[in-house]
Amino acid sequence: QVQLVESGGGLVQPGGSLRLSCSASGITFSIYTMGWYRQAPGKQRDLVATITSLSSTNYADSVKGRFTVSRDNAKNTVYLQMNGLKPEDTAVYYCNAARLQKNYWGQGTQVTVSS
C-alpha cells in the first residue's frame, strides 16, 4: 500500500519560512519523480516544484528563487523549503510521486501566510 504523508504546514507571517516534508512508503522511492503541488480555495491544483530520480529540479515561476525542493532517498523523504512566503502562497500543499503510468498523492497539508 502506497502512502505519502506530508507534514510541516502551518500559519506563518509574510516573509517567513516553512519546511514541508513528505515521507513515502510502499514505493521504490529513489526511482520516482517527486513533486509538490498546491491548491488554493476555488482554484485548480498547480505545480509548485518537482525533483526527478536524478535530482533534476523544476519550479513554477511564482516560487523560483524562494522555494527549494530536495530529496533524501535514504529516508524516502522529499522536502520543500519555502522562504519569503507571501499571502498568495496560502494553499493546501500536496506531495506527489510519479513514474510512468503510476501517480500517487498525499492527503495535503495546509499552509497559511497571514499577519
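Mentor: A residue is buried under 20% relative accessible area, exposed over 50% and partly exposed in between (1.4 Å probe, protein chains only). This is a predicted model, in which local features need pLDDT of at least 70, side-chain atom pairs count only at pLDDT 80 or more, and totals for chains, interfaces and linings use all residues. Residues are numbered from 1 along each chain as its sequence is written, and side-chain values use heavy atoms, with hydrogens and water left out.

Trainee: Is Gln44 buried or exposed?

Mentor: Gln44 is placed in the loop between β4 and β5; helices (H or I, at least four residues) and strands (E, at least two) are DSSP runs numbered from the N terminus. The relative accessibility of Gln44 is 58%, so this residue counts as exposed.

Trainee: In what order do the four strands of the open sheet stand?

Mentor: Strands pair if DSSP finds at least two bridges between them. β1 (3–7) and β7 (67–72) each have a single partner strand, so they stand at the edges. The pairing is antiparallel, and the order is β1-β3-β8-β7.

Trainee: Which residue of β3 stands opposite Ser7?

Mentor: β1 runs antiparallel to β3 (residues 18–25), and five bridges join the two. Across this pairing, the residue opposite Ser7 is Ser21.

Trainee: What is the phi of Asn76, in the turn between β7 and β8?

Mentor: Six bridges join the antiparallel strands β7 and β8, and Ser70 stands opposite Tyr79 in β8. The two strands form a hairpin with four residues between them. In its turn, Asn76 has a positive phi of about 55°.

Trainee: How many residues does the largest nonpolar core have?

Mentor: A nonpolar core is a set of buried Ala, Val, Leu, Ile, Met, Phe, Trp, Tyr and Cys residues joined through side-chain atoms within 4.5 Å. Among the residues with the most contacts inside the largest core are Met34, Trp36 and Tyr93. The elements that give two or more residues to this core include β4 (33–39), β5 (46–51) and β9 (91–99). The number of residues in the largest core is 29.

Trainee: Which residues are linked in a network of salt bridges?

Mentor: Arg38 meets Asp89 in a salt bridge (2.9 Å, N to O), and this pair links strand β4 with the loop between β8 and β9. Arg66 also meets Asp89 in a salt bridge (2.8 Å, N to O). Arg66 lies in the loop between β6 (57–59) and β7, so its pair with Asp89 ties together parts that are 23 residues apart in sequence. The residues linked in the network are Arg38, Arg66 and Asp89.

Conventions
A salt bridge is a side-chain nitrogen of Lys or Arg within 4 Å of a carboxyl oxygen of Asp or Glu.
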